[in-house]
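Student: I'd like to learn how to read a model like this one, feature by feature. Could we look at it together?

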Amino acid sequence: MAKEQPPQRKQAWMPLQKRRTESNTKVKLTRCGKITLGIIIIVIAVVIFGLIIHFVTYGKTSSYYHISFKVNNVDYDRKFEKPYSQEYTDLNKKIVSLINETFHGSKLRRQYVKSHVVQVSRAKGKVIIHSVLKFIFCFKNKAAKFRDRIETILYQKLNGETGCLNIDSSSLRVSDIEMSTAENLLNTCCGLRTITFSGNRIAGGTDAEEGEWPWQASLQQNSVHRCGATLISNYWLVTAAHCFIRNNDPQKWNVSFGLLLSDPKAQRKIKNIIIHEDYHYPAHENDIAVVNLSSPILYTSNIRRVCLPEANYTFPPNSDVVVTGWGTSKTDGTIPNILQKGAVKIIDTKTCNTEKIYSGVITPGMLCAGFLKGKVDACQGDSGGPLVIADHKGTWFLVGIVSWGDECALPYKPGVYTRVAYYRDWITAKTGL
């Protein structure tokens, strides 16, 4: 309660703070009443927030479109067929920048999400750009009008200022595309991921994260993990030939994708297993096989293909590489449920062939990776899995396939991998990739 004021002062001159504390009727809240009032305020806030979210999101849906157009001043180059080539990357940046500029400066800027060049085809020596666009908009019953607006905005832009690109606006085509097909195309670029790698070892165990190694697959018999494999297209995987020495019947195998063996994100049956013709167990040479899926696996943010190196690619000694798999953390250990990752380094063949290490048995089709002190290595159950490397743009390439080694993570006994570049032409001959 406010202090009593001196008689000579009028109520009007009372300080504001004191005047606000006085009333003709005073209400005193009990502690229980204050708590109840607080709960009511929180409930009201939650309800209001929920209504806002409802009205903001209600009726919104993702919509995808395939667009194509001809670029008159860009000659077709076969390097455009390689999505990791500098030529493809440069052209993709120009096209995406143009489309971004088009819609960010339009009335659809709030609905536009992203675009991506999914193919560059050829027409009379010039290029045809095929791109997928993603939007979010309301009221599905107005989809046709929405597509017309997209086409109109694109046509006006392509018919005007397009920077260094001379585009034939009359060649523009816009069509609807289903979500699963569109997401597959948006994620079709090889060697890209949604998260950044940070990790340590397999032998000893460091868990991977969801989507960190989206090309990793598990080869299984009766739902039991046997070997690793690497996704190289919607239909094909590459793995080690020795995974099939006991059974090469495709009907006895299946493939699982995802971070956890117990909770696969996708599974596929196998149509065919092609083992290198010159692989003869127990020799280690030509330890490579390709696996043809019975139905295609569609790409998502967490299931993607790795890039294959060209036959002339070389990876210098001491380069940083990563091996992944569900192999044991030590010799004769147990299989983990969660995918493991390990950062190792390439060891030059001359060093690996010294008497102290592998005494000259490393052939040109093999590659050593690990550390001479041991401690980090692939192990049992990692066979057939990927050894990958990132280029300066952050694109990941398949360097090796887990093949063999002397136990796991021993000093002077690094892992030995099938050198993928050495077998690049063989992979092309069998898969067409």
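Tutor: Gladly. Let's begin with the largest pocket, whose lining is made up of 16 nonpolar, 13 polar and five charged residues. Keep in mind as we go that this is a predicted model.

Student: What is the volume of the largest pocket, and which residues lie nearest its centre?

Tutor: The volume is about 820 Å³. Of the 34 residues in the lining, His242, Gln380, Gly381, Ser383 and Ser403 lie nearest the centre of the largest pocket.

Student: Let's turn to cavities. How many of 30 Å³ or more are there?

Tutor: The count comes to two. In the largest cavity there is about 100 Å³ of space. Its lining has 14 residues, and Trp213, Pro214, Gly258, Leu259 and Asn302 lie nearest the centre. By class, the lining of the largest cavity has seven nonpolar, four polar and three charged residues.

Student: What lines the second largest cavity?

Tutor: The residues lining it include His284, Glu285, Asn286 and Asp287, along with Thr363, Tyr417 and Tyr423. Ser403 is one of the lining residues here, and Ser403 is also among those nearest the centre of the largest pocket. The second largest cavity holds about 40 Å³ of space, and its lining splits into three nonpolar, six polar and two charged residues.

Student: Now the strands. How should I think about the way they pair?

Tutor: In general, strands of a sheet pair through backbone hydrogen bonds, and they can run parallel or antiparallel. To read a barrel, follow the strands in pairing order. In this model, one closed barrel of six strands goes β5-β6-β7-β10-β9-β8, with antiparallel pairing. On average, neighbouring strands of this sheet are turned by 45° against each other, direction ignored.

Student: Which strand does β5 pair with besides its neighbour in that written order?

Tutor: Strand β5 (residues 216-221) pairs with β8 over four bridges, in the antiparallel sense. For a spot to look at, Gln220 stands opposite Asn254 in β8.

Student: What is the strand order in the barrel that contains β11?

Tutor: That closed barrel of six strands runs β11-β12-β13-β16-β15-β14, and the pairing is antiparallel.

Student: How many disulfides does the structure hold?

Tutor: A disulfide is a covalent bond between the sulfur atoms of two cysteines. The structure holds four of them. Take the one that joins Cys227 to Cys243, with 2.1 Å from S to S. The angle about its S-S bond is -100°, making the link left-handed. Cys227 belongs to strand β6, while Cys243 is in the loop between β7 (236-239) and β8 (254-257), so this pair ties together parts 16 residues apart in sequence.

Student: Last topic: the backbone. Where is there a cis peptide bond?

Tutor: Look at the bond from Tyr281 to Pro282, which is cis with omega near 10°. Pro282 sits in the loop between β9 (266-275) and β10 (289-293).

Student: And which residue other than glycine has a positive phi?

Tutor: Asn318 is one to inspect, with phi near 75°. You will find Asn318 in the loop between β10 and β11.

Key
Residues numbered from 1 in each chain as written. Predicted model: local features only at pLDDT ≥ 70, side-chain atom pairs only at ≥ 80, totals over all residues. Heavy atoms only, no water. Pairing = 2+ DSSP bridges. Helix = DSSP H or I, 4+ residues; strand = E, 2+ residues; numbered from the N terminus. 1 Å grid on protein atoms, 1.4 Å probe; cavity = no way out; pocket = protein on both sides within 12 Å on 5 of 7 lines; lining within 4 Å. Points joined across faces, edges and corners; volume = space filled by probe spheres on them. Nonpolar A, V, L, I, M, F, W, Y, C, P; charged D, E, K, R; others polar. Disulfide = S-S within 2.5 Å. Axes fitted to C-alpha atoms, helices over the stretch in contact; angles between N-to-C directions.
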